[in-house]
Amino acid sequence: MSTIAHVTTRVVPVRNTALPTAYASTRVAAEWRSHLFVRVETADGHVGVAEGSPLPHFSGENAESMAAVIEARLAPALYGLKLFGIEAIQQKLELTVSGHFASKSTLINALFDAQGRKLGLPVSQLL
């Protein structure tokens, strides 16, 4: 049975190549914007990855705060849980920290990616 064994985060500055589009979604005319990348690994070696590009004016989160809450609170709460127990995982995330929806959705997306890779299916078919 695949259980969640390790979660890592990485914040990466990404250059906005289409400033009008970036401004429309972020309301900030910035040349660079931080994105979060999350990697989930199971005890039996399956890996899932996901990217989070939060909109601070919408969720109140930024990539740095997402990484901090995932590393300190959310990831440790998931260790040992079954990869395919998404309902139990979501409940655990909600009980661990209220709010932080961008952080939680990035983790869930990485878990879906790990599930798809384990089954040899693209996530679109898995869902």
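This is a dialogue about how to read some features of a predicted model.

Biologist: How are two packed helices described?

Modeller: Two packed helices are described by the angle between their axes and by the distance between those axes. Here helix H3 (residues 63-78) and helix H4 (residues 86-96) pack at an angle of about 145°, and their axes are 9 Å apart. The contact is made by Arg73, Leu74, Ala77 and Leu78 on the H3 side and by Ile89, Lys92, Leu93 and Thr96 on the H4 side. Helices here are DSSP runs of H or I with at least four residues, numbered from the N terminus; axes are lines fitted to C-alpha atoms over the stretch in contact, with angles from 0 to 180 degrees between N-to-C directions; and contact means heavy atoms within 4.5 Å.

Biologist: How many salt bridges does a search of the whole structure find?

Modeller: A salt bridge is a side-chain nitrogen of Lys or Arg within 4 Å of a carboxyl oxygen of Asp or Glu, and the search finds 4 of them in the whole structure. One of them joins glutamate 94 to lysine 104, with the closest N and O atoms 3.1 Å apart. Glutamate 94 lies in helix H4 and lysine 104 in helix H5, so this pair ties together parts that are 10 residues apart in sequence.

Biologist: Which side chain meets that of arginine 117 in a salt bridge?

Modeller: The side chain of arginine 117 meets that of aspartate 113, at 2.8 Å from N to O. These two residues are 4 residues apart in helix H5, and they are therefore separated by about one helical turn. Aspartate 113 counts as buried, at 16% relative accessibility, and valine 123 touches both Phe112 and Asp113. Valine 123 itself is found in helix H6 (residues 123-126).

Biologist: Which residues make the nonpolar surface patch?

Modeller: Patches are made of residues with over 30% relative accessible area and no salt bridge, where like charges are joined within 9 Å and nonpolar side chains (Val, Leu, Ile, Met, Phe, Trp, Tyr) within 5 Å. In this model Phe84, Leu119 and Leu121 make a nonpolar patch of about 250 Å², with areas from the Shrake-Rupley method and a 1.4 Å probe, only the protein chains shown counting as cover for residues. Leucine 119 lies in helix H5 (residues 101-119), and at 46% relative accessibility it counts as partly exposed.

Biologist: What is the phi of histidine 100?

Modeller: Histidine 100 has a positive phi of about 55°, although it is not a glycine. Histidine 100 is found in the loop between H4 and H5, and it counts as partly exposed at 30% relative accessibility.

Methods
Residues are numbered from 1 along each chain as its sequence is written. This is a predicted model: local features need pLDDT of at least 70, side-chain atom pairs count only at pLDDT 80 or more; totals for chains, interfaces and linings use all residues. Side-chain values use heavy atoms; hydrogens and water are left out. Buried means under 20% relative accessible area, exposed over 50%, partly exposed in between (1.4 Å probe, protein chains only). Lists of a residue's contacts leave out its neighbours within four places in sequence.
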